[in-house]
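Dear colleague,

Here is the structure I said I would pass on. My notes on it follow below.

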Amino acid sequence: MALSQVGLERLETQVSKKLGVSKNLIINGAMEIAQRGTSSTTLGYVTVDRFLTGGASLDENPTFEQANLISSDTPYSSGFRKSAKLTNGNQTSGAQAGDVLKLNTKLEAQDIATSGWNYTSASSFITLSFWVRSSVAQTYFVRLQTVDGTDQNFPFSYALSANTWTKVTKTIPGNSNIQIDINNGIGLDIEWTLFRGTDTTDSGVTLDAWQAYSAGTRLPDNTSTWYTTNNATWEITGVQLEVGSVATDFEHRSTSDELLRCYRYFQILSSNTSGGLNAHSRYPILGNATNGAIWYAYHKATMRVKPSLVKSGITSSTMDIFNYSTSSTATFNNMVMAEGDENHSQLVCSTTNNFAIAQIGSWRWSVNADCYFAVDSEL
């Protein structure tokens, strides 16, 4: 007896699991990894890895946090323990035409292109599913955008009751106008929209269909109730994007596996989160003849591109280095990215203390404030 389409897809999923192949194209969909911290009122990549907040013309930024689920939360029984949560700021000027508040995740083009989705065929599908809850009952929007060739936009809506976890599932067909290149740029941008003003929406936008992207017609006109409610909350977990027309059970990967995937885009090389002599690293440091030192940092995983350096909480008066090889301390005035690639970074520090040439040793930072050095190659 022939298998149904649903049965075939479930069989393929079981085979993939046995082979160790990952079906979920989303990284950190269970919101377990938050290398940068668990709460922030800054926009961008600031807390939960691989998810970023974006906004325009906001009176007050939202609080974006990694929240803990409790046993009474519906997704808890399916193995979820964390969510990404937005708490709205006080938008005192109301909903304006240029206002935007959103959450995104961006997927590499080569991962989409080689996923098995025949994205140029209307009879080939991907399925997006997620758990979501809001303190305000209304209709919300999600949109998918491709950026290679002529940008394409796919918007859809979902309705929520207040304070009720809801599982949303959306099956999305391919389209002959979609182009996805095999490279490490953006292949698919998924946006959960909390609010967009009329500068970027239009009442005539068609839902559930691909169309050429236009900045002024990304979504239908948005309901503003959530956006104009101070301290309104919205949270999401269990985000999964898979090839096929059926939403299968969420693929729970190990924490170490998920963290390794996140390292491709962001990794902390040395951290000091409590002040004082607590920031340790065993990377080698090499002195040079011009009152400086070179630090060779080998990445924990191959990064998407040569990363940029991220520094936090460091001033010239508090940034010291202790060399275990010589039991000596030197004060550094700066650290910049010199050379490197996807697998290592070469950082150069200037100092008032001359490290001897070829003076190599493991070291620790001595600082009086929280700090970390990290490298970033986010999309």
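The largest nonpolar core has 46 residues, and those touching the most other members are Leu128, Phe130, Leu144, Tyr158, Ile190, Trp192 and Trp234. Such a core is a set of buried Ala, Val, Leu, Ile, Met, Phe, Trp, Tyr and Cys residues joined through side-chain atoms within 4.5 Å; buried means under 20% relative accessible area (1.4 Å probe, protein chains only). This is a predicted model, in which local features need pLDDT of at least 70 and side-chain atom pairs count only at pLDDT 80 or more, while totals for chains, interfaces and linings use all residues. Residues are numbered from 1 along each chain as its sequence is written, and side-chain values use heavy atoms, with hydrogens and water left out.

Strand β10 (residues 186–196) gives this core its largest share, five residues. Strands here are DSSP runs of E, at least two residues, numbered from the N terminus. In β10, 10 of the 11 residues are buried.

Beyond its neighbours within four places in sequence, Ile190 has contacts (heavy atoms within 4.5 Å) that include Ile26, Leu103, Leu128, Leu144 and Leu241.

β10 pairs antiparallel with β5 (residues 100–108) over nine bridges; pairing requires that DSSP finds at least two bridges between the strands. Leu101 has Phe195 in β10 as its bridge partner. Strand β7 (residues 138–146) is also antiparallel to β10, joined by five bridges, and Gln145 stands opposite Asp189.

A second, separate core has nine residues, among them Leu269, Trp295, Leu347 and Phe373.

Regards

Notes: Buried means under 20% relative accessible area, exposed over 50%, partly exposed in between (1.4 Å probe, protein chains only). Helices (H or I, at least four residues) and strands (E, at least two) are DSSP runs, numbered from the N terminus.
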